[in-house]
Amino acid sequence: MNPLISYIARKLPIAALVSTLVIFYPNIVCLCVDIAKSSSETSMLIMNLTIYYIVKFLLFWGMFFVLIRYNLNHTNLPLNRRLLSNLLIVSGVYAVNLAIYLLFEPYGAREDTGSVLVFQYLVTCFMCTVLGYFVRLYMEQRQKEMEIQRLKSENLQSRYDALTNQINPHFLFNSLGGISALIRKKDDSRTLHYVDELSDIFRYILQSERKGMVGLGEELQFVDAFRYVMEVRFENKLSFDIQVDEQAKNAYRLPVLSLLPLIDNVVVHNQIDIDHKMTVSISINNHEELVVSNPIYPRLTPAKSNGTGLRNLINRFDLLAGKSIRKEQTEKTFTIYLPLTK
């Protein structure tokens with residue numbers, strides 16, 4: 001149960017009592033005036049009036065109790081339906097009130113059964129309806145906050161997954177293997193370049209926790225470092241074709257680490273060898289979307305993957321950019337469209 005509803009439900013008798021006092025105070029004032037004007041000869045009249053007002057007070061208290069409980073238990077109903085239901089309940093209680101008044105009238109009970117009494121019941125109806133409306137607004141707000149918190153958690157989990165997927169023994173082994181291959185070739189300049197690019201990759205991933213949206217140029221700079229490491233790892237069987245001009249790099253933004261899971265998917269789900277050279281194409285279309293496309297070379301043994309990386313990427317775009325990712329797949333090509341923000 002929602003914490004607010006749970007709290008009001010626990011305090012329901014008190015809430016009904018306070019609401020009754022707010023509505024019932026004109027009657028209390030009238031009773032006090034009658035007592036002040038009374039004499040010993042009218043004590044029986046005052047007692048009858050007191051009993052009538054006590055009965056009426058309990059009637060109002062019970063009505064508020066029922067109305068508040070009903071509106072708390074039916075917050076999912078549209079406002080007009082709850083208002084109609086409240087009016088029906090109030091009308092029924094109003095009829096009971098009239099019956100009680102007619103019962104006490106011969107004993108001196110005085111009641112304005114027109115405007116004053118009707119006003120009290122109408123105010124009661126609208127008070128309870130508004131209470132249910134505000135509770136519903138609160139629940140919807142809480143739901144949105146919980147959804148945002150969930151997406152933020154998934155965002156952090158996505159970044160954590162990116163970190164653990166790349167900085168793990170297998171990745172380190174492949175990275176060190178690339179360094180080892182370059183050292184054996186005695187290619188000092190490429191070895192130093194490789195170490196520098198690998199360092200940039202680790203730094204960007206580690207710093208991503210403090211970032212939300214980044215410039216397209218910054219993300220592509222990371223891809224450039226990642227590209228060099230992957231090209232060395234796959235001995236030029238994996239290449240990148242990036243067709244994005246400098247103006248676009250400075251004009252657009254997107255969530256940090258948007259491209260890493262896409263590149264990782266390419267490597268995980270495709271076989272890359274001398275017979276299946278892979279080229280990942282990155283460009284911007286006329287709809288202000290970053291298009292990441294690659295040919296499909298299915299592995300002989302399907303990769304073990306639960307799609308968490310792409311799913312979390314979709315949620316991060318919804319949260320940070322307020323836009324949705326599109327994907328297209330044919331027999332030969334897989335394409336992802338990332339919406340960009342200016």
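A patch, as the word is used in this tour, is made of residues with over 30% relative accessible area and no salt bridge, and nonpolar side chains are joined to it within 5 Å.

Keep in mind throughout that the model is predicted. If contacts are drawn between residues at least 6 apart in sequence, 75% of them join residues at least 24 apart.

Next, select Leu-79, Val-130, Tyr-133, Phe-134 and Leu-137, which form a nonpolar patch on the surface and together have about 430 Å² of accessible area. Leu-79, by contrast, lies in helix H4 (residues 79–104), and its relative accessible area of 39% makes it partly exposed.

Then move to the loop between strand S3 (253–255) and helix H10 (260–269), where Leu-257 has its place. The phi of Leu-257 is near 60 degrees, a positive value in a residue other than glycine, and Leu-257 is buried, with a relative accessible area of 2%.

Finish at the loop between strand S4 (278–284) and strand S5 (289–295), and select Glu-288 there. Although Glu-288 is not a glycine, it has a positive phi of about 55 degrees, and at 30% relative accessibility Glu-288 counts as partly exposed.

Notes
Residues are numbered from 1 along each chain as its sequence is written. This is a predicted model: local features need pLDDT of at least 70, side-chain atom pairs count only at pLDDT 80 or more; totals for chains, interfaces and linings use all residues. Side-chain values use heavy atoms; hydrogens and water are left out. Patches are made of residues with over 30% relative accessible area and no salt bridge: like charges are joined within 9 Å, nonpolar side chains (Val, Leu, Ile, Met, Phe, Trp, Tyr) within 5 Å. Accessible areas come from the Shrake-Rupley method with a 1.4 Å probe; for residues, only the protein chains shown count as cover. A salt bridge is a side-chain nitrogen of Lys or Arg within 4 Å of a carboxyl oxygen of Asp or Glu. Helices (H or I, at least four residues) and strands (E, at least two) are DSSP runs, numbered from the N terminus. Buried means under 20% relative accessible area, exposed over 50%, partly exposed in between (1.4 Å probe, protein chains only). Contact means heavy atoms within 4.5 Å.
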